[in-house]
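Work through the two exercises below with the sequence and the coordinates open, and try each task before reading its solution.

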Amino acid sequence: MRASILKQSKFLIASVQGSMTDADLVQLREELSAGVRRYRSIGVIVDVTMLDVMDSFAVRTLRGIAQMVKLLGAECIVVGIQPDVAFSMVQLGLTLEGTMTALDLEDGLDLLKARDGGEAARHD
Amino acid sequence: MTEPGELVVPIKADVDVLTVRQHARSLVSGLRFSSSELTLIATAISEVARNIVIYAGRGEIVLRLVQQGKRRGLAVIARDQGPGIADIERAMQDGYSTSRGLGLGLPGSKRLMDEFEVVSEVGKGTQVTMTKWER
């Protein structure tokens, strides 16, 4: 598969490679759901910095990943959408509504940590 | 015979969606397309190639460098002998899909390109012709 998944403390970071086939995307979805359960992860970041094209199938699969991760009780953030890709998505009429996004991996991790911190504070 | 500046890429599996995108990028490398326009072209090609895989199972995409006066461009002809589209007008509306799609494939691709035409006959197949011109 052309994506790598890295476990970093309570988070999973999936880095998507330049070109993913439909099968690659579906496999990523399956491995992420297995990963969230196995590691009891509370957050997932899908880094699409390297993705050169986001067509309707890719967007639908990403939305599906985000919704599924949410149902498993974790947060999902898509990071690194390139400006050209974002422009093309808008023209095509595609949105990632309901899915959190961040500029890059660093911002995405900050966002997850802030939400984790907020939760912890409320539990005190 | 394939002329120079023309490529015929067979489409029969999802991996061919990537292949045809890569061929298009290298074919237009000599043209003055911005990186943003290249992404629009690649995305539109991805959508029509995916339509072939999903609806027809197999088909082909012709990539052709075209010229109109001083303007150069890329023509993309996606054709298959699949089931065809019964109601093209509806298929060109946002949100209309008969499969697992988002229903943005055809109308979306039209917005990404400069020229766009669909010819289809039920039981015979579908041909999408779309062109992007240099600015």
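**Exercise 1.** Determine how many helices and strands chain A has, and in what pattern they follow one another.

*Solution.* Taking helices (H or I, at least four residues) and strands (E, at least two) as DSSP runs, numbered from the N terminus, one finds four helices and five strands in chain A. Read along the sequence, their pattern is β-β-α-β-α-β-α-β-α. The next step concerns overall dimensions: the radius of gyration, taken over C-alpha atoms, is compared with the globule rule, 2.2 Å times the number of residues to the power 0.38. For chain A the radius is 14 Å, close to the 14 Å that the rule gives for 124 residues, so the chain is as compact as a globular protein of that length. Along its principal axes, the C-alpha trace of chain A spans about 45 × 25 × 20 Å.

This is a predicted model, in which local features need pLDDT of at least 70 and side-chain atom pairs count only at pLDDT 80 or more, while totals for chains, interfaces and linings use all residues. Residues are numbered from 1 along each chain as its sequence is written, and chains are lettered from A and ligands numbered from 1 in the order in which they are written.

**Exercise 2.** Identify which elements of chain B give two or more residues to the side that touches chain A.

*Solution.* Counting two residues as in contact if their C-beta atoms, placed from the backbone, lie within 7 Å, 21 residues of chain B are in contact with 18 residues of chain A.
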